[in-house]
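Keep the 3D view open as you read.

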2 protein chains.
Amino acid sequence: MSEFALIERIRARAASDDRVLVGIGDDAAVLAPEPGRALVATTDSLVLDRHFRSDWPAADVGHLAAAVNLSDLAAMGARPRWALLALTLPTGDAVWVDGFLDGFLGLCTRFNTCLVGGNLSAGPLNIGVQLLGDVDPACVARRGRARIGDLLAVTGSLGDAAAALLGEDGAPADLLARLHRPVPRVEAGQAMAAMATAMIDVSDGLLADLGHLLGPGQGARIELGQLPASGSLVKVFADASQRWPLQLSGGNDYELLVSLQPSQWDAAHARCAALGVPLTVIGLVNSAGAIECRQPDGHRLELPRGGWDHFESR
Amino acid sequence: MSEFALIERIRARAASDDRVLVGIGDDAAVLAPEPGRALVATTDSLVLDRHFRSDWPAADVGHLAAAVNLSDLAAMGARPRWALLALTLPTGDAVWVDGFLDGFLGLCTRFNTCLVGGNLSAGPLNIGVQLLGDVDPACVARRGRARIGDLLAVTGSLGDAAAALLGEDGAPADLLARLHRPVPRVEAGQAMAAMATAMIDVSDGLLADLGHLLGPGQGARIELGQLPASGSLVKVFADASQRWPLQLSGGNDYELLVSLQPSQWDAAHARCAALGVPLTVIGLVNSAGAIECRQPDGHRLELPRGGWDHFESR
C-alpha cells in the first residue's frame, strides 16, 4: 500500500472535533486550545539510510531534523515555539548526541524554538521531532486551496539538494550544504501566509508537492524557463534539460511553493524581498486537471513520474 | 552514557523561556501559549524487541503506544486532547496498520483524544506518539515535589505486567492484559492533581519512579505488606517475598504514584473511589535520603537495583 493510501486510511478512521481546525493531511495540524487561538503541531522522523547516511556528521543530522519540521510549520505560516525530541539510539553515544544537538539546537535557537521535552529509547537509529507553533487562525496557509488563475511562486531556488545527492561527495560545497543544512523559510512563510491562497513546502519534489497544493480538478502550467536555479546548479548542469528533472522531482529543497491571486503578487514579493528571500513566479493554476511543463520554446516536456513515495519508491 | 546522564546533557543545553512552565525532565512539558493557559506535551517511542515483540497482535501494540503516552499526561494531571503519530514501518503493510489503529484509536477515543496528524517513514519498525493535552496551570502535578511527612499512595495494583513478562504466554490472561493492554489512569490523574504534592506514573518500576518523585535529600519508607497486588498475582506468586521484586522493580504498571499531605488523603481516596480506582497508602516520605522497604515483620528488605536504564540495562 502506498504512503498516501496509508495516510488516507488512517485519516478516514481518526475522529475529530471542533477544536481541530486542520487535521491529518496538511503540513501540520492546527488546533484551537480555545476560541481565537491556533496551535500548530507537526512531527517528522528521520531514518538512517533513508533521510541521512551513517557517514554524515551528527551535527548535519541534527540540523536536518530541525529543518524538516521547521519547514512544515513555515508552510502553515506558523511561528515555531517548542520542540520535543524522541531519539532512538543504538547506544548511549554522548559524542554523537552532542554533535546532533549542535545542529539541532543551533537551528532551533535561530528560530526562537525551545526544546521542552522528549524521549530516549534504545534501538535502530530513529530521530523523531515534534514541533509546536502558533498562528493567527485567520492566516493559516493550507494545502489544496489554490484558485484557478492564481500565480504559482517559489522561494529561493530548486534542484540543489538533488544535484548534491547525485554528485555525492564530489558535489560543490554550496550544493552539499543545501542537502545537509537546508534553511527552512520560516520568516517567509509567516510573511506570506495572509496573502497566499495555499502554501506547501517543497520536500518531496516540486511536481508532487504542487499536486497537493492544487484543489480537486485543478491543473497548472509550469514555465520551465522560469524555474529558479542557483549559480552552482547552472555551473554543474549547464544544459537546462538536465536541470529540470532535478528541479521538478528531486525534492529536499525545503523552499515554499505558494499560490497567489495576481493582485497579491506585489505585496508577497516585497515582503520576501525585505527578508532577503527571492520569490519567483513559475507558472499558474488552471482548470486543466493536470500539470503541464512548458519548455522555453513552447513545447511540452514529457513528465517523469513526480515525487516519491516512502513505501513504493523502493 | 546512561539514559539519565544523556537526558541531563540535553537538558543542560536546551534553551527555555517564560512560556515554558515545565521543560525537560518531567512526565511531559507544560507550555503556556498565553498567560493562564497551560498546554501539556509528551512523546514516547515504542521500539520492536524493547517495548513489544514481533508476535504481539498489532492492536496490542497500538493500544500500548497510546497508553504509555496517555499515562504521561495522566501523571501531570492533564486532560488529553490531541495525538500525532510518527510511524516508521518496514513496509506499507495495511493489515498491520489497520490492526495497530484498532488498538491505538480505540484507546484514544476512550479518552476523547483526536489523532490530528503524523508522519510515515520506511525503516526499522518504530512507533512515535506525541500527545497534547491541557491543564489548569495551578493544578499541574510535578515530579520531585514531595514533602517530608507526605503519604505515598498508588492507584490500582503493582506487579501484574512484570509477572506476565516472566510467565510469557503461559501467564494468566488478566496478567497478560496488564502487560499488553494497560489502561492509563487518566481520570484519576486529573482528579488527584490539585491535591497531590507530586505525581508520576509507574513505568520503569516503583522504586525507580519513586526516586524521581522525591525531592533532593528526601527518602521514603515503603511498607511491603501494603503493596497492592491483584488476586491473579497472589495466586501465581503466593509467597509475598516473590511478589515484592516484581512490584518494586518490574515496571510497566502504568499506575499513578502520588505524594499527599495526610490532610488530603480522604479527599484523594474519595475522588478515586468515585472513579472506581483503588488508591492505597504504601508508605511515607521522610528525610532519610534513601528508600527503605520494610517487611511485615519489621525487617528491612535488601533492595535490588531499582528501575532500568534504556542504555545501561543491556
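Start with strand β7 (residues 151-155) of chain A, which pairs in the antiparallel sense with strand β10 (residues 255-260) of chain A over four bridges. Two strands count as paired here if DSSP finds at least two bridges between them. To find your way in β10(A), look for A:Leu260, the bridge partner of A:Leu151. As for the labels, helices (H or I, at least four residues) and strands (E, at least two) are DSSP runs, numbered from the N terminus.

A word on what you're looking at: this is a predicted model, where local features need pLDDT of at least 70 and side-chain atom pairs count only at pLDDT 80 or more, while totals for chains, interfaces and linings use all residues. Residues are numbered from 1 along each chain as its sequence is written, with chains lettered from A and ligands numbered from 1 in the order in which they are written.

Now zoom out from that strand pair. β7 and β10 belong to an open sheet of six strands in chain A, in the order β8-β10-β7-β11-β9-β12, with mixed pairing. At its edges stand β8 (196-202) and β12 (291-294) of chain A; each has a single partner strand, so one side of each is left without a neighbour in the sheet. From one strand to the next, the twist averages 25°. Angles like this are taken between N-to-C directions and run from 0 to 180 degrees, with axes being lines fitted to C-alpha atoms, for helices over the stretch in contact.

Chain A has another sheet to visit. Here six strands form an open sheet in the order β1-β2-β3-β6-β4-β5, again with mixed pairing. The edge strands of chain A in this case are β1 (20-22) and β5 (114-122), each pairing on one side only. Neighbouring strands are turned by 20° against each other on average, direction ignored. Helix α2 (residues 58-74) of chain A packs on this sheet, where it touches β3, β4 (79-89) and β6 (126-135) of chain A, and its direction makes about 145° with that of β3(A). Within the sheet, β2 (residues 29-31) and β3 (residues 38-47) of chain A pair in the antiparallel sense over three bridges, and A:Ala29 has A:Ala41 as its bridge partner in β3(A).

How is chain A divided? It splits into domain 1 (3-138) and domain 2 (142-294), with bounds that come from an automatic or database domain assignment. The centres of the two domains of chain A, taken over C-alpha atoms, are 22 Å apart. In chain A, 18 residues of domain 1 are in contact with 18 residues of domain 2, contact meaning that C-beta atoms, placed from the backbone, lie within 7 Å. On the domain 1 side of chain A that touches domain 2, α2(A) gives the most, with nine residues.

Finally, look at helices α4 (residues 160-167) and α5 (residues 173-180) of chain A, whose axes come within 7 Å and cross at roughly 105°. That makes α4(A) roughly perpendicular to α5(A); angles under 35 degrees count as roughly parallel, over 145 as roughly antiparallel, 65 to 115 as roughly perpendicular and the rest as oblique. Among the residues making the contact are A:Ala161 and A:Leu165 of α4(A) and A:Leu175 and A:Leu179 of α5(A).

How values were computed:
Two residues are in contact if their C-beta atoms, placed from the backbone, lie within 7 Å.
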